[in-house]
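Visitor: Please take one part of this model and go through it closely. I would like to know what it packs against and what ties it in place.

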Amino acid sequence: METRLDDLSGMSAAAAKEYIFHHIAALKLAEKNHAGLLADLEKWEKRGELARSRHMPDLAAEAEKEAGRIRARVEDAQAENADLRAKIEKMRKDLPALASRERSVDPDLLEQELLIALGKNPGDEIADFKAVEADAALEALKAKMGADVPDLGNNAS
């Protein structure tokens, strides 16, 4: 299964931001390369014009041939840059949703911090719960024993 470049699933928001920044840096380098190709294309087109103006058809043909190769590279670079721009834009749009899925508050940590703020040690809540549970069981046993014990004539008449 092939992973898409613009797939941010499984990343934290911070990792996704860094991933996007790397793509933006790659785009900036690609745009710089594209600008260099455009400058080369212009240079070879001018050489072709110069060769034609000086009646040198063989040099003009070679310059046009080189300009054609560069023109193809320029078109490829434009397509790649447009694709990379679109992927970066998609990732930027996906980033807020990714960040919203992250848990902003750890409930376990919050519970422990609240216990400490109340002056209790973390873990005391378990002992407290067991004590309350034991008291409830004892009361239930007393109630059961009191109902099962026959009246022995302790009535004062």
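Guide: The structure holds ten salt bridges. The model is a predicted one.

Start with Arg85 and Glu31. Their side chains meet in a salt bridge, 3.1 Å from N to O. Arg85 belongs to helix H2 and Glu31 to helix H1, so this pair ties together parts that are 54 residues apart in sequence. Arg85 is partly exposed because its relative accessibility is 40%. Glu31 is partly exposed too, because its relative accessible area is 27%. Lys28 joins in: Lys28, Glu31 and Arg85 are linked in a network of salt bridges.

Next, Glu64 and Arg52. They form a salt bridge whose closest N and O atoms are 3.4 Å apart. Glu64 lies in H2 and Arg52 in H1, so the pair ties together parts that are twelve residues apart in sequence. Glu64 has 31% relative accessibility and therefore counts as partly exposed. Arg52, with a relative accessible area of 43%, is also partly exposed.

Now the helix itself. H1 runs over residues 13–53, which is 41 residues. From its first C-alpha to its last it reaches 59 Å. That is close to the 60 Å expected at 1.5 Å a residue.

Which residues of H1 are buried? They are Ala13, Ala16, Ile20, His23, Ile24, Leu27, His34, Leu37, Leu41, Gly48 and Ala51. H2 is included in what covers them.

Leu95 shows how the pieces meet. Leaving aside neighbours within four places in sequence, Leu95 is in contact with Leu8, Ala13, Ala16, Lys17 and Ile20.

Buried or exposed, at 13% relative accessibility? His34 counts as buried, because the cut-off for buried is under 20%. Neighbours within four places in sequence aside, His34 is in contact with Val74, Ala77, Gln78 and Asn81.

Go on to the end of the helix. H1 is followed by His55. His55 is found in the loop between H1 and H2. Its phi is near 60°, a positive value in a residue other than glycine. Most residues other than glycine have a negative phi. His55 is exposed, because its relative accessible area is 69%.

The segment before H1 holds Arg4. Arg4 is partly exposed, because its relative accessible area is 47%. Arg4 and Lys87 are 83 residues apart in sequence, yet their C-alpha atoms are 9.5 Å apart in space.

Finally, the wider setting. The protein has four helices and zero strands. Read along the sequence, the pattern is α-α-α-α. Of the 157 residues in the protein, 17% are buried. Take the contacts between residues at least 6 apart in sequence: 68% of them join residues at least 24 apart. The protein exposes about 12,100 Å², and carbon and sulfur atoms supply 58% of it.

Val105 lies in the loop between helix H2 (57–101) and helix H3 (107–117). Val105 counts as partly exposed because its relative accessibility is 46%. Together with Leu110 and Leu114, Val105 forms a nonpolar patch on the surface, with about 260 Å² of accessible area in total. In helix H4 (residues 124–148), Lys142 and Glu139 lie three residues apart, about one turn of the helix. Their side chains meet in a salt bridge, 4.0 Å from N to O.

Methods
Residues numbered from 1 in each chain as written. Predicted model: local features only at pLDDT ≥ 70, side-chain atom pairs only at ≥ 80, totals over all residues. Heavy atoms only, no water. Patch = residues over 30% accessible without salt bridge, like charges linked within 9 Å, V, L, I, M, F, W, Y side chains within 5 Å. Areas by Shrake-Rupley, 256 points an atom, 1.4 Å probe, with all protein chains shown as cover. Helix = DSSP H or I, 4+ residues; strand = E, 2+ residues; numbered from the N terminus. Buried < 20%, exposed > 50% of the residue type's maximum accessible area, 1.4 Å probe, protein only. Expected span 1.5 Å × (residues − 1). Contact = heavy atoms within 4.5 Å.
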